[in-house]
Amino acid sequence: MTDTEKTPLQPKRKGMTRRQKRSLSRGIQYAVFVAAVIAFGVTADWGRLQNQFAQADIAERMFPEVITLALKNTVLYTVTGFGVGLALGMVIALMRLSSVGPYRWLAGVYIEIFRGLPALLIFIFIGVAVPLAFPGTEIIGGTYGKVALALGLVAAAYMAETIRAGIQAVPKGQMEAARSLGFSPGRAMVSIIIPQAFRIILPPLTNELVLLFKDSSLVLFLGVTLEERELSKYGRDLASQTANSTPILVAGLCYLLITVPLGFVVRRMEAKAQEAVR
């Protein structure tokens, strides 16, 4: 008997390979996406959409004030709020890492409360509760100061945890090396640890800036004058005056002028951080 006769014939492999299955799955997803786009394009009433959201004459009347007033105020609110949040978040992060028990407890309570409360409630608290609790007391900067404080209180809770994680991500040997060179713990933290931590946490901090930029729309709950309006308030006011939603669309596009480039910067920084790790 020959070897060919001894060896049973191998059954032919049936079914698709993994690569074929992946290709099929990808093709189905593309087909579903294309079908959804076509269905939207066919069924949507583009004439009504254009009439309600894309009136060129209304959009033209918004310039340059939408940039010189609304966008400027939005950026100013965001930057000042980010500054307050970063400073307060740094303090809370160091308290969270402190060897003193009450400091850790207070920092933990602050983080849990301000991460759990909606930002809207913080704005209402700053605008209503503070004046009631401290009659005659004015927050420095008026509306700008109130917005900076409200945004800062919200952002600090998230930034504190981000900063704490960044500090703990720095190798412990860095602190030990600094101490061996005669640095005090405080000086080593400020000069050696924190700068390295910020290189690690820069992408999430930039992402927090994007979130604050959108949260600045809550300023309307503080009661603002015409000169203090930000993009959302400005767009809503004009939409009410014109009985048209074009100002809302223009305001949204102005938000994208800031958030899209910032999002690109975040992705670039994350990519560079991953390359550095490799």
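Let's start with Glu 161, which is buried, with a relative accessible area of 15%. That puts Glu 161 on the buried side of the cut-off, because buried means under 20%. Keep in mind that you're looking at a predicted model. Glu 161 is also part of a salt-bridge network, together with Arg 96 and Arg 164. From there, this briefing goes through the charged pairs, a nonpolar patch, helix packing, the backbone and a few distances.

**Salt bridges**

- Here's the general idea: side chains of opposite charge can pair when their charged atoms come close.
- How many salt bridges does the count come to? The count comes to five.
- Glu 161 pairs up with Arg 164, and their side chains meet with 3.1 Å from N to O.
- You'll find both Glu 161 and Arg 164 in helix H8, which covers residues 143–169. They sit three residues apart there, or about one turn of the helix.
- Glu 112 and Arg 115 are three residues apart in H6, so about one helical turn separates them.
- Arg 115 counts as partly exposed, because its relative accessibility is 34%.
- Arg 229 has a salt bridge too, this one with Asp 237, where the closest N and O atoms are 3.2 Å apart.
- Are Arg 229 and Asp 237 buried or exposed? Both of them are buried.

**The nonpolar patch**

- Now look at the surface, where a nonpolar patch has about 940 Å² of accessible area together.
- Its members are Trp 105, Leu 106, Val 109, Ile 113, Leu 117, Leu 121, Ile 124, Val 128, Leu 132 and Phe 221.
- Which helices each supply at least two residues of the patch? They are H6 (101–116) and H7 (119–133).
- Leu 117 belongs to the patch, and you'll find it in the loop between H6 and H7.
- With 37% relative accessibility, Leu 117 counts as partly exposed.
- Val 109, another patch member, lies in helix H6. Its relative accessible area is 32%, so Val 109 is partly exposed.

**How the helices pack**

- Helix H9 (residues 172–180) packs with helix H10 (residues 185–215) at an angle of about 140 degrees, and their axes are 10 Å apart.
- The crossing of H9 and H10 is right-handed.
- H10 also meets helix H5 (residues 65–96): the axes come within 11 Å and cross at roughly 140 degrees. That makes H5 oblique to H10.
- H5 passes H10 in a right-handed crossing.

**Backbone spots worth a look**

- As background, most residues other than glycine have a negative phi, and most peptide bonds are trans.
- The peptide bond from Phe 63 to Pro 64 is cis, with omega near 0 degrees.
- Pro 64 is in the loop between helix H4 (56–61) and H5.
- Ala 243 isn't a glycine, but it has a positive phi of about 55 degrees.
- Where is Ala 243? Look in the loop between helix H11 (231–242) and helix H12 (246–277).
- Ala 243 counts as exposed, because its relative accessibility is 65%.

**Distances across the model**

- Val 109 and Ala 157 are 48 residues apart in sequence, and their C-alpha atoms are 9.9 Å apart in space.
- Ala 169 and Glu 208 are 39 residues apart along the chain, with 19 Å between their C-alpha atoms.
- Ala 169 lies in helix H8, and it is partly exposed, with a relative accessible area of 43%.
- What separation do the C-alpha atoms of Leu 222 and Ala 93 have? They are separated by 29 Å, and the two residues are 129 residues apart along the chain.
- Leu 222 lies in the loop between H10 and H11. Leu 222 is buried, with a relative accessible area of 14%.

Note on methods:
Residues are numbered from 1 along each chain as its sequence is written. This is a predicted model: local features need pLDDT of at least 70, side-chain atom pairs count only at pLDDT 80 or more; totals for chains, interfaces and linings use all residues. Side-chain values use heavy atoms; hydrogens and water are left out. Patches are made of residues with over 30% relative accessible area and no salt bridge: like charges are joined within 9 Å, nonpolar side chains (Val, Leu, Ile, Met, Phe, Trp, Tyr) within 5 Å. Accessible areas come from the Shrake-Rupley method with a 1.4 Å probe; for residues, only the protein chains shown count as cover. A salt bridge is a side-chain nitrogen of Lys or Arg within 4 Å of a carboxyl oxygen of Asp or Glu. Helices (H or I, at least four residues) and strands (E, at least two) are DSSP runs, numbered from the N terminus. Buried means under 20% relative accessible area, exposed over 50%, partly exposed in between (1.4 Å probe, protein chains only). Axes are lines fitted to C-alpha atoms, for helices over the stretch in contact, and angles run from 0 to 180 degrees between N-to-C directions. A crossing is left-handed if the near helix is turned anticlockwise from the far one by less than a right angle, and right-handed if clockwise. Angles under 35 degrees count as roughly parallel, over 145 as roughly antiparallel, 65 to 115 as roughly perpendicular and the rest as oblique.
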